[in-house]
Amino acid sequence: MLGGAGVLLGVAAAPAQAAEVSYATDCVPPPVSGLPTVKGTTKVEVTAPATAKVGDEVEVVWKFTQAASKNPDLIDLPANSVQPSGTLKAAGAQAASIAMQGPRENPAIPKGGAMVLSDMKGKLKLTTAGEVTLTPDAYAINVMSTDTKCTPTETVKPAATIKVTAGTTPPGTPDPTDPTSPPPTSDEPAPTESETGGSDTGGTTGGGGETDFTGKEVKIPYACKTPIGDKNATSPVQINAKKDGGSYGLTVQFKGSVMDSPADIPADSVKPSMEVALGGADKGTVHVEGPTNPEAIKSGDPMVISDMTGTYKPGADGESTLSPGVLTVKALGTTTTCTPEKSEVSLTLDTSAQPGGAAGGSGSAGGTGTSGAGGSGDSGGGLADTGADDSGGLRALGFVAGTAILLGGAVFTFMPRRQASRRAP
């Protein structure tokens, strides 16, 4: 907590005073979250100079000693992801609304942990002699560009009072009552208000001297289990292979399921993986995974996720098929699992069995054997098909539809952007 107030006219203000008030608060999550209003108690301590003079510009500090609620048991909030802003009401001898804002600084906040909000600061130019009271009013909690708005539901008591005197103007100090006096200057910035989205290439059969095999782009309907419920969406997926000895390096690309990021996403916070389903002559799955996002993704920018890669060691002789399988996305401490409702073969390879190969066992990349059955699956659901093209990786997090961050009521949700008309998968 910062003590004292900066008087920008060279006049020293009286020592700071600090007082705490407590008031009932309703916090309203963003409409997209579908969550109810959070009711709680806010406790605020306001620091301001005890006395000052007309013409002084003083700094006031709003410190949260208790937020209206705890972080729900849903997701850990990363460090430096929360920023408060609000309004402090001046009344009495002078009426004004003081814009308050704190930095985006907070420790990592675990599920169920107490919310930690930074101190907010603002400035008030004193214009009238008398007592000026300072009372906390509405505030907002910003989590990765998503605001939860909190409003008092009872009359809030003043948290601090400044006794403002007319005083005398020291030599060389601008006099606000003298029109010929030059205006005061300051190197301090004025307070700011709160900071306030394809074509098939055809499958290729491996054989002969070929080493590179391009799969067909197929549209896969997924049923996704997310932290806040079930979501359906359809995504175009393509599986390519490169032969290396008796094994194949696989690359799985998500294409065309486009959405813009609904919020700022930190670097290294989203990681996809998949179990590619084997069928035809071979059986089992092959594990592939992609790296986390190397850079932060800003709100409104397209989401780009790297291709997923892994190694397929055949376990049977003959034509083996590869189809998109179960997709897992780990994002910001949560896990979303998407299962194909109906799969489709993207690539067919002419394989030769290798020692330790799949064939109902484990693939060399860590895949666990399951029945491939020609690459078809049966679960339920589907990701939003927007029909847009993207030549490099997944430009969407449609499959994370529903990953949420809650801050007492502040919610950050990945939701796929749907077109008015959808094409059949």
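**Exercise 1.** Work out whether D282 is buried or exposed, and find what its side chain meets.

*Solution.* Start with accessibility: D282 has 0% relative accessibility, so it counts as buried (buried is under 20% relative accessible area, exposed over 50%, partly exposed in between, with a 1.4 Å probe and protein chains only). Strands here are DSSP runs of E, at least two residues, numbered from the N terminus. Now look at the side chain: one of its polar atoms lies 2.9 Å from the backbone nitrogen of G315. Finally, T321 is 39 residues away from D282 in sequence, yet their C-alpha atoms are 7.6 Å apart.

A quick note on ground rules: this is a predicted model, where local features need pLDDT of at least 70 and side-chain atom pairs count only at pLDDT 80 or more, while totals for chains, interfaces and linings use all residues. Residues are numbered from 1 along each chain as its sequence is written, and side-chain values use heavy atoms, with hydrogens and water left out.

**Exercise 2.** Locate S247 and list its contacts beyond four places in sequence.

*Solution.* S247 belongs to strand β14 (residues 247-254). Its relative accessible area is 16%, so S247 is buried. Skipping neighbours within four places, S247 contacts (heavy atoms within 4.5 Å) K242, T311, Y312, K313 and P314.

Technical notes:
Helix = DSSP H or I, 4+ residues; strand = E, 2+ residues; numbered from the N terminus. Polar contact = N/O pair within 3.5 Å; in protein donor to acceptor, adjacent residues only side chain to side chain.
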